[in-house]
Amino acid sequence: MVATTALVTLVVAGFASLFMAWSIGAGSSGSTPFAPAVGANAISIMRAGFLVGILGLLGAVLQGANVTNAVGRELIVGTTLTPTAATIGLLTAAILVAVGVFAGYPIATAFTVTGAVVGVGLAIGGAPAWAKYQQIATLWVLTPFVGGGVAYGTARLLRDERTSERVLVPVLGGLVGLVLANVRFVFLGPPETQASVAEAVVLQVGGGVLTHVAVTVAVATLIGLAVAADVRRDLAGGQRRFLLALGALVAFSAGGSQVGLAIGPLLPLLDPYDLPLIAVLVGGGIGLLIGSWTGAPRMIKALSQDYSSLGPRRSIAALIPSFAIAQTAVFFGIPVSFNEIIVSAIVGSGYAAGQSAVSREKMVKTVLAWVASLAIALGVSYAVFAAVDAVM
């Protein structure tokens, strides 16, 4: 009887996780990566939703382990989530995110999931993981300033008549290459680990730091030269293709980060079944894909048109810091909201064209929604679990 009850609870928690994955795919990871490209008329809304689903699935499978482990095992110390706690936490967060999707406001997914997991974790007697919270809070607080500031500076450079876009855009491509050379993938590392292109070369040929730096510079140079050749041949077309490539990288990064928010709480429940993590990541990635295909167009429209009037240059400026911040979060296993990343960058690039290009009212409401989602998710999940526990 006990085994049957545990299995039923696991199934319910699994459906809650899939619902969470759908909500994230429809909202955060599904809408934000290509929103600047849609705003710049570089790609249609429906095509963006389709591509981001595929790329998010790949990111979830190839990069999702770090954040998944962090959400499932590092937000509470001294205990592990029970099936009931995981189900309540997932449902609370998923419902809040889904409400944001249908209301047209991008709820910060990482805020809701983190708040919900911490809420149920405290309710079952766990202790706060203060060191992890410090990491999370640092990234959340710095993201608007770093992302928005870099986007603003980049957009100003691209708009400056004294700067040649045929030179600056390839330089930006090279900077993206510096990050890309150090992005970790599961298929490049030893079993059960991840490694970047630079790290993989070091493992094969040796040389330590010097080899790592040399490979990083080589990848950045090759990408910069490729972008330079493209924009030299066709400046407008080259900018559009560079913008779409950035959107693809951000979509991939979104999958690697956001899948952990959906399936992380399930990990303690799956330990007795010895299920490979890769199988869990595939399941979560499929949930993201379905959400992107069915619900993302609404939020793509909201982000691309309501927050700022974007052209190709400001869109490029928004996506570059977004990619770098997203990969930083994946590397350190920190749950982060892609809505916060992208919206901050969009606003920063929008201010480069003057304050009239940014909807202040929309931004104020969004920030309030972010703060409220964290507090509500924590409070509701704690109260619901306490009530259920008292009844049972």
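Predicted model: local features only at pLDDT ≥ 70, side-chain atom pairs only at ≥ 80, totals over all residues.
## Nonpolar surface patch

On the surface of the model, a nonpolar patch is formed by Leu7, Val11, Phe15, Leu18, Tyr273 and Leu275, and together these residues have about 580 Å² of accessible area. One of them, Val11, is found in helix α1, which covers residues 2-26. Val11 counts as partly exposed because its relative accessibility is 40%, a value that lies between the limits of 20% for buried and 50% for exposed residues.

## The largest pocket

The largest pocket in the model has a volume of about 240 Å³. It is lined by 15 residues, and those closest to its centre are Asn182, Val183, Gln327, Thr328 and Phe331. Helix α15, which spans residues 312-332, supplies the largest share of this lining, with six residues. Sorted by class, the lining of the largest pocket consists of six nonpolar, seven polar and two charged residues.

## Salt bridges

Side chains of opposite charge can pair when their charged atoms come close.

Arg162 counts as exposed because its relative accessibility is 77%, whereas Asp160, at 22% relative accessibility, counts as partly exposed. Another salt bridge is formed by Glu199 with Arg184, where the closest N and O atoms are 2.8 Å apart. Because Glu199 lies in helix α10 (residues 197-205) and Arg184 in the loop between α9 (165-180) and α10, the pair ties together parts that are 15 residues apart in sequence. Glu199 has a relative accessibility of 21% and therefore counts as partly exposed, and Arg184, at 27%, counts as partly exposed as well.

## A network of charged residues

Asp230 forms a salt bridge with Arg241, with the closest N and O atoms 2.9 Å apart. This pair links distant parts of the chain, since Asp230 is in helix α11 (residues 208-233) and Arg241 is in helix α12 (residues 235-263), eleven residues apart. Salt bridges that share partners join Asp230, Arg233 and Arg241 into one network.

Asp230 is buried because its relative accessible area is 13%, which falls under the 20% limit for buried residues. Arg241, by contrast, has a relative accessibility of 37% and so counts as partly exposed.

Ala228 and Pro170 are 58 residues apart in sequence, yet from C-alpha to C-alpha they are 4.9 Å apart in space.

Leu374 is found in helix α17, which covers residues 360-391, and Leu374 counts as partly exposed because its relative accessible area is 29%. The C-alpha atoms of Leu374 and Gly115 are separated by 5.1 Å, although the two residues are 259 residues apart along the chain.

How values were computed
Residues numbered from 1 in each chain as written. Heavy atoms only, no water. Patch = residues over 30% accessible without salt bridge, like charges linked within 9 Å, V, L, I, M, F, W, Y side chains within 5 Å. Areas by Shrake-Rupley, 256 points an atom, 1.4 Å probe, with all protein chains shown as cover. Salt bridge = Lys/Arg side-chain N within 4 Å of Asp/Glu carboxyl O. Helix = DSSP H or I, 4+ residues; strand = E, 2+ residues; numbered from the N terminus. Buried < 20%, exposed > 50% of the residue type's maximum accessible area, 1.4 Å probe, protein only. 1 Å grid on protein atoms, 1.4 Å probe; cavity = no way out; pocket = protein on both sides within 12 Å on 5 of 7 lines; lining within 4 Å. Points joined across faces, edges and corners; volume = space filled by probe spheres on them. Nonpolar A, V, L, I, M, F, W, Y, C, P; charged D, E, K, R; others polar.
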